[in-house]
Amino acid sequence: MKKLIILSVVLLITTLASGQLRLRDAVYPYTLTEEQDTLKLHGMGIRKNITSDLYAGGLYTESKMTDPNEIINSEEDMGIRLIILSKKINQKSIIKTFNKGFDNATNNNTTSIQNEIATLMAIFETEVQKNDVFDFIYTDERGLNVYKNGIVLGNVQGLEFKKTLFNIWLGEKPVCPYIKDGMLAIEG
């Protein structure tokens, strides 16, 4: 069944001539650049409900890794791009998704990263709407920069927080298994 899901995700991906990949309505560039760091698209997937695609998630890394735990625990520069695909996704639903994800990723024990979670949640005080693009770019020098539509909204420090954030989509209890499978699917 897992191979069928991954094959379905790969078949939905369309290569664009401009150095981008399309997964339904989500377009991902092959690379993301932040300052002097260039990250390569590792994989992407879609979270959906019965009637529509909700958002897409893409993983960017410096090097190819196949083990999700290796990605989560790595100090290597990497990023996650979320693209909002539905009007059903708003500020309230994004915060709910992140809170559920942090609870799953920490087995309901967020005490050690509570300040970092509060910093991230303050960043989401902004309106969230269809076609918004959020980038979470981690470097060991700068920590985690959070962008919305290419504009930096804030920074959250700490490798432990980065591990927990990436665990939301790549961990044992991901908020969306389809996104996890997709993020790990592209061969490179």
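Residues are numbered from 1 along each chain as its sequence is written, and side-chain values rest on heavy atoms, with hydrogens and water left out. Because the model is predicted, local features need pLDDT of at least 70 and side-chain atom pairs count only at pLDDT 80 or more, whereas totals for chains, interfaces and linings use all residues.

Helices (H or I, at least four residues) and strands (E, at least two) are DSSP runs, numbered from the N terminus. Two strands are taken to pair if DSSP finds at least two bridges between them. Strand S4 (residues 31–34) pairs with strand S5 (residues 37–48) in the antiparallel sense, over four bridges. Within this pair, Thr-31 stands opposite Lys-40 of S5. The two strands form a hairpin with two residues between them, and Glu-35 in the turn has a positive phi of about 50°. On pairing with strand S6 (residues 53–61), S5 again runs in the antiparallel sense, here over eight bridges. Met-44 stands opposite Gly-58 in S6, and a hairpin of four connecting residues joins S5 to S6.

Strand S8 (133–139) and strand S9 (143–148) are joined by six bridges and run antiparallel. The bridge partner of Asp-135 is Tyr-147 in S9, and the hairpin from S8 to S9 passes through three residues. Five bridges join S9 to strand S10 (residues 151–156), also in an antiparallel arrangement, with Asn-145 opposite Asn-155 in S10. For accessibility, buried means under 20% relative accessible area, exposed over 50%, and partly exposed in between (1.4 Å probe, protein chains only). Six of the six residues of S9 are buried, so this strand is largely enclosed by the rest of the structure.

A search of the whole structure finds three salt bridges, a salt bridge being a side-chain nitrogen of Lys or Arg within 4 Å of a carboxyl oxygen of Asp or Glu. Arg-81 forms one with Asp-135, the closest N and O atoms lying 2.6 Å apart. This pair links distant parts of the chain, as Arg-81 is in strand S7 (residues 78–84) and Asp-135 is in S8, 54 residues apart. Arg-81 and Asp-135 are both buried. Lys-148 forms a salt bridge with Asp-132, with 3.7 Å between the closest N and O atoms. Here too distant parts of the chain are linked: Lys-148 is in S9 and Asp-132 is in the loop between helix H4 (114–123) and S8, 16 residues apart. Both Lys-148 and Asp-132 are buried. The salt bridge of Glu-160 with Lys-163 has its closest N and O atoms 3.3 Å apart. Glu-160 and Lys-163 lie in helix H5 (residues 159–170), three residues apart, or about one turn of the helix. Lys-163 counts as buried because its relative accessible area is 19%.

Glu-62, Glu-75, Asp-140 and Glu-141 form a negative surface patch. Patches are made of residues with over 30% relative accessible area and no salt bridge; like charges are joined within 9 Å, and nonpolar side chains (Val, Leu, Ile, Met, Phe, Trp, Tyr) within 5 Å. Glu-141 lies in the loop between S8 and S9 and is exposed, with 53% relative accessibility. Glu-62 is placed in the loop between S6 and helix H2 (68–73). With a relative accessible area of 35%, Glu-62 is partly exposed. The C-alpha atoms of Glu-62 and Thr-38 are 7.2 Å apart in space, although the two residues are 24 apart in sequence.

Most residues other than glycine have a negative phi. Asn-131, in the loop between H4 and S8, has a positive phi near 80°. Asn-131 counts as exposed because its relative accessibility is 54%. Asn-149, which is not a glycine, likewise has a positive phi, of about 50°. Asn-149 sits in the turn of the hairpin formed by S9 and S10, which has two residues between the strands. At 41% relative accessibility, Asn-149 is partly exposed.

Key: Areas by Shrake-Rupley, 256 points an atom, 1.4 Å probe, with all protein chains shown as cover. Lys, Arg positive; Asp, Glu negative; His and termini not counted. Charge placed at Lys NZ, Arg CZ, Asp CG, Glu CD.
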